[in-house]
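Keep the model open beside the text and click along as each element comes up.

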Amino acid sequence: MKELMLGNKAAARGLYEAGVCFASSYPGTPSTEITEELAKYDDVYSEWAPNEKVAMEAAFGASLAGRRSFCAMKHVGLNVAADPLYTMSYTGVNAGLVIAVADDPGMHSSQNEQDSRHHAIASKVPMLEPSDSAEALAYAKLAFEISEEFDTPVLLKMCTRVAHSQSVVETGERTVPEKTYNKDIAKYVMMPGNAKRRHPFVEERTKKLTGYAESSGINRVEMGGRDLGVITSSTSYQYVKEVFGDSISILKIGMAYPLPVEMIRDFASKVKKLAVVEELDPIMEEHVRALGIEVSGKDILPICGEFSQNLVAKALGGEVHTGRSLSETLPMRPPVMCPGCPHRGLFYTLKKLNCTVLGDIGCYTLGAVPPLGAIETTLCMGASVSSIHGFNKVLGEESEGKTVAVIGDSTFMHSGMTGLANIAYNGSNSTVIILDNSITGMTGHQQNPTTGYNIKGDPAGKIDLEALCRSMGFDRVAVVDPYDLAACEKVIREELASPAPSVIISRRPCALLKYVKRKPPLGVNKDKCVGCKSCMRIGCPAISIKGGRAEVDETLCVGCGVCTQLCRFDALKSAEKEA
Amino acid sequence: MSTKNIMIVGVGGQGSLLASKLLGYLLMSEGYDVKVSEVHGMSQRGGSVVTYVRYGEHVASPVIDEGEADSIVSFELLEAARTLPFLKKDGTIVTNIQQIDPMPVITGAAEYPENLVEKLRSTGAKVDAMDCVALAREAGSVKAVNLVLLGRLSHYFDFPDEAWDRAIEACVPARFLEINKKAFALGRAN
């Protein structure tokens, strides 16, 4: 049956048809929907793991046990899981093991623009790279075949425009191959003596995979006009096709690692001019150049950001479309915290108290944006908790009295706990605020070990954050409702002043959760409002100043009431009560 | 036929995902090759959101570039103006006249531009502007703005009423169907 399908959903469909039985992932844009879609199949066990390393190791265990297994993550998640990946390359697999990794060129929702193909090369693990939904489905299935045939985990590389574009796919039936687990110490115990024997196996495997890249059809030549030949992959292939159709020749790469050699030599010999069109780093380009073949690439195309058809046309001499624009500069519309976001009250308070705020990864990173402008650092998952320790150790008491780390509940479970252990063990008087909104928010509401529910929404083990922090040696654990500004201020002042390290749990569910009841929108009593703009300091997108008075957008306001605590003139009221 | 391009733009949270889902369904059922591209994650949080819908005999790129959009469907006026460079020379903008202040305007760092509809028209762009919030309210929910806009957009296509009806029935949850059908009809009629 033909269907219009999101790339991530198509990948999930391919995994399903290939008989995947076990999936463990940590959410991360743009990879999240693969696992969410797998969770909809009742005959696949799926779960959210606390982080990518745990997910990959769980998938490794399931592969050992003899069932096709899977894990997914965003590009930076693969850094977290790099440890098991690099050695799984040595052990190989029992049943097939596929790892989806989703890059984010253009950084739509990421903190860096790293190219995950480097991980494939460095770990010597083959990587497939689909260019649309149909290939996402086909390559997901193929990845399991390769995994079992060559005894290796296989990386399935998505990118934002493949993961989050819908295109037409044809679905098939599911078959479930099974294997049995057999004890094999020489293969699976990677102590030096065994690993020394496995490394040559990896090198030999890469040679065989290069042969596969040459002849299997995963990479294909589309001969057209011979004046220009382009080697390309992923979404870049689609841009090249959009601009040139069949008027040039294309070597379409479906396997990003290992790359073919003879195929490239042959293709290069048939065209007058050769170019590589690839987003981010010049990986294929350098491979071609290392073969002694003259090629252009990053000399005419950018290394930063996403490509598009106009960009490719401009670089390679195709037809460039142009539009028109208004003469004036339009105000930007950066992302902001949602109306009713529980983080808003907390950041307002931190800014008011002039705190130094070390931040982390999540919706609350938006606490760095004006007018809140509270957060001063964002590095990677868990870095707030680890870095406040180093910051306070260097700056001492003065810093300890005004510096906080903020980290979400899901990020805390991911890699905040180990940083907290360091604070407890090596003793800095640090204050850590866990922003517990009872969900993984940024990636679109995934459950995590603190929510009490699993990926299917069924009741599950629930980690008690207060008990956890106390058991790690924190005697001071306070819980506060971030909608209550006075209570927030009191608790933060107390814990910053305390002589011992502390954890503050700022607890209120994400305002977008379905079970959170919205209150009626607030209205402004125009007779009482004096236009002092005090309510504007919380940076709520529902409040604006119109004609010198505050105005609340009824389509946006969820009636959280945080703004009413800033109004000294009692001008903001529930429209319902006012009537 | 050559590939046709529809851009759906608005502010995160305004419901553009339903609009693109519905268009994708409609175009598939009319026998076209279709690609729909959207962005999830950070930018959904009240930022500018853009969805690309492309259809034709064979669609390659999942995105629409400057000067390529046959239609721009905009949930918010400033976003319509921001997307203007993507409009094809003879393209049409169908826009809600609702104005949502972006944070730089809220904080006073910038001003919301005045008379945007006139300014857009002065560039030679065809602009079909309407108060979709009022019509959605009339239909029974301010959240039905997306169906009002699609109703208006349907003027510019030759697809039969039944095709739109089937797409609405397939994409809208049953309990909201009546309101959404009414919103679509109001958009189409006005």
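Two strands count as paired if DSSP finds at least two bridges between them. Helices (H or I, at least four residues) and strands (E, at least two) are themselves DSSP runs, numbered from the N terminus. The model is predicted: local features need pLDDT of at least 70 and side-chain atom pairs count only at pLDDT 80 or more, while totals for chains, interfaces and linings use all residues. Residues are numbered from 1 along each chain as its sequence is written, and chains are lettered from A and ligands numbered from 1 in the order in which they are written.

Let's begin with strand β7 of chain A. Strand β5 (residues 97-103) of chain A runs parallel to β7(A), with six bridges between them; there, Val101(A) stands opposite Lys157(A). β6(A) also pairs with β7(A) in the parallel sense, over two bridges, and here Met127(A) stands opposite Leu155(A).

Now step back to the whole of chain A. Its domain assignment gives domain 1 (2-215), domain 2 (220-323), domain 3 (343-507) and domain 4 (522-578), with bounds that come from an automatic or database domain assignment. The centres of domain 1 and domain 2 of chain A, taken over C-alpha atoms, are 26 Å apart. Between these two domains of chain A, 24 residues of domain 1 are in contact with 23 residues of domain 2; contact means that the C-beta atoms of two residues, placed from the backbone, lie within 7 Å. On the side of domain 1 of chain A that touches domain 2 of chain A, the largest share, five residues, comes from α10(A). That side has eleven nonpolar, four polar and nine charged residues. In this count Ala, Val, Leu, Ile, Met, Phe, Trp, Tyr, Cys and Pro are nonpolar, Asp, Glu, Lys and Arg are charged, and the others, Gly among them, are polar.

α10(A) has another partner. Helix α5 (residues 82-91) of chain A packs against α10(A) at an angle of about 85°, with the axes 8 Å apart. Axes are lines fitted to C-alpha atoms, for helices over the stretch in contact, and angles run from 0 to 180 degrees between N-to-C directions. The two helices, α5(A) and α10(A), are therefore roughly perpendicular to each other, a label for angles of 65 to 115 degrees (under 35 is roughly parallel, over 145 roughly antiparallel, the rest oblique). Ser89(A), Tyr90(A) and Thr91(A) of α5(A) meet Ala195(A), Arg198(A), His199(A) and Val202(A) of α10(A).

Eight of its ten residues are buried, so α15(A) is largely enclosed by the rest of the structure. Its cover includes β14 (356-358), β16 (403-408), β17 (431-436), α20 (485-497) and β19 (502-507) of chain A.

Next, see how the chains meet. 50 residues of chain B are in contact with 50 residues of chain A. The largest share of the side of chain B that touches chain A, five residues, comes from β2(B). Strand β2(B) pairs with β8(A) in the antiparallel sense over two bridges, and Val36(B) is the bridge partner of Gln166(A). Both strands belong to an open sheet of eight strands with mixed pairing, in the order β1(A)-β8(A)-β2(B)-β3(B)-β1(B)-β4(B)-β5(B)-β6(B). Its edge strands, each pairing on one side only, are β1 (2-6) of chain A and β6 (126-130) of chain B.

Finally, helix α6 (residues 145-153) of chain B lies across β4 (69-74), β5 (87-96) and β6 of chain B, at about 140° to β5(B). Nine of the nine residues of α6(B) are buried. What covers them includes α1, β4, β5, β6, α5 (132-139) and α8 (177-189) of chain B.

Methods: A residue is buried if 20 or more other C-beta atoms lie within 10 Å of its own, exposed if 12 or fewer, and partly exposed in between; C-beta atoms are placed from the backbone.
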